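User: I would like to learn how to read a structure feature by feature. Please take me through this one.

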Amino acid sequence: MIKANEIPPFVKELMLKRQEEQGNPRDWSVFERSLKINKKSGGFDWYLTPERDVWHEAIWHEAIEKGNFQPLYDFHGYNPEADPVEKSPDTPAHYQNGKIQPIDFIADQGLDFLEGNVVKYICRYKQKDGIKDLLKAKDYLQRIIDNFNQKSPQKDV
């Protein structure tokens, strides 16, 4: 069986989509524990996916057990050679908009975890999760404000 870090971006995104479609939150860490994790345990049930109609569960078996992703690509009409994200698996599409990736900006500016997450969610909200990402950014920003006020209380602004 292959490891979670060997899953190509297209298949990773497909797995997260199936996870969400079956009522679980998008959470890749679930699959890092086990690529075969079921819906009840936070993943998704392979036999309940649209891909089930092609060789039943065999299409997923080929991908997860053998690392053969071509049947999934064929099913979805996807060509990994034409996708720049597949050629750069460490860079999801929702971070490839500008001249600098958010992670590089965060490192360059020496931002901490909370500050970095504000930048990350602001940079990706239009391409990924919309208002959900904006609310996450707002939550992290509020935590920064709360920490700032605890360290140096300000008079009403």
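**Burial, charge and packing**

Analyst: Start with D133, which counts as buried at 0% relative accessibility. Buried means under 20% relative accessible area, exposed over 50%, partly exposed in between (1.4 Å probe, protein chains only). This is a predicted model: local features need pLDDT of at least 70, side-chain atom pairs count only at pLDDT 80 or more, and totals for chains, interfaces and linings use all residues. Residues are numbered from 1 along each chain as its sequence is written, and side-chain values use heavy atoms, with hydrogens and water left out.

User: Which residue forms a salt bridge with D133?

Analyst: The general idea comes first. Side chains of opposite charge can pair when their charged atoms come close. A salt bridge is a side-chain nitrogen of Lys or Arg within 4 Å of a carboxyl oxygen of Asp or Glu. Here R124 pairs with D133, with the closest N and O atoms 2.9 Å apart. R124 is also buried, at 7% relative accessibility.

User: How many salt bridges does a search of the whole structure find?

Analyst: The search finds 8. One of them joins R143 and D139, at 3.1 Å from N to O. Both residues sit in helix α8 (residues 131-151), 4 residues apart, so about one helical turn separates them. R143 is partly exposed, with a relative accessible area of 45%. D139 is partly exposed too, at 35%.

User: Which residues are linked in a network of salt bridges?

Analyst: E13, E20 and R26 are. Within it, E20 and R26 have their closest N and O atoms 4.0 Å apart. E20 counts as partly exposed, at 37% relative accessibility.

User: How do I read a charged residue that is buried yet has no salt bridge?

Analyst: Lys and Arg count as positive and Asp and Glu as negative; His and the chain ends are not counted. D45 is the case here: the nearest side chain of opposite charge, K39, is 5.6 Å away. D45 lies in the loop between α2 (28-33) and α3 (58-66). A polar atom of the D45 side chain lies 3.1 Å from the backbone nitrogen of K39.

User: Which side chain reaches the backbone nitrogen of D45?

Analyst: That of Q22, at 2.7 Å. Q22 lies in the loop between α1 and α2. Q22 is buried, with a relative accessible area of 11%. Contact means heavy atoms within 4.5 Å. Leaving out residues up to four places away in sequence, Q22 touches K39, F44, D45, L48 and T49.

User: What does the secondary structure of the chain come to?

Analyst: Helices (H or I, at least four residues) and strands (E, at least two) are DSSP runs, numbered from the N terminus. This chain has 8 helices and 0 strands. Just after α3, G67 takes a positive phi of about 75 degrees.

User: How many residues does the largest nonpolar core have?

Analyst: In soluble globular proteins, nonpolar side chains tend to be buried together. A nonpolar core is a set of buried Ala, Val, Leu, Ile, Met, Phe, Trp, Tyr and Cys residues joined through side-chain atoms within 4.5 Å. The largest one here has 22 residues; I7, V11, M15, W28, F31, L35 and W60 have the most contacts inside it. At least two residues of this core come from each of α1 (9-21), α2, α3 and α4 (70-76). A second, separate core of 5 residues includes L114, Y121, A137 and Y140.

User: Where do the buried residues of α3 pack?

Analyst: They pack against α1 and α4. The buried positions in α3 are I59, W60, E62, A63 and I64. From V11, contacts beyond four places in sequence reach W60, F69, L72 and Y73.

User: Is F113 buried or exposed?

Analyst: F113 is exposed, with a relative accessible area of 61%. F113 is found in helix α7 (residues 113-124). F113 and Y140 are 27 residues apart in sequence, yet 9.1 Å apart in space, C-alpha to C-alpha. For the chain, buried residues make up 35% of the 157 residues.

Technical notes: A polar contact is a pair of N or O atoms within 3.5 Å; within protein, one must be able to donate a hydrogen and the other to accept it, and residues adjacent in sequence count only if both atoms are side-chain atoms.
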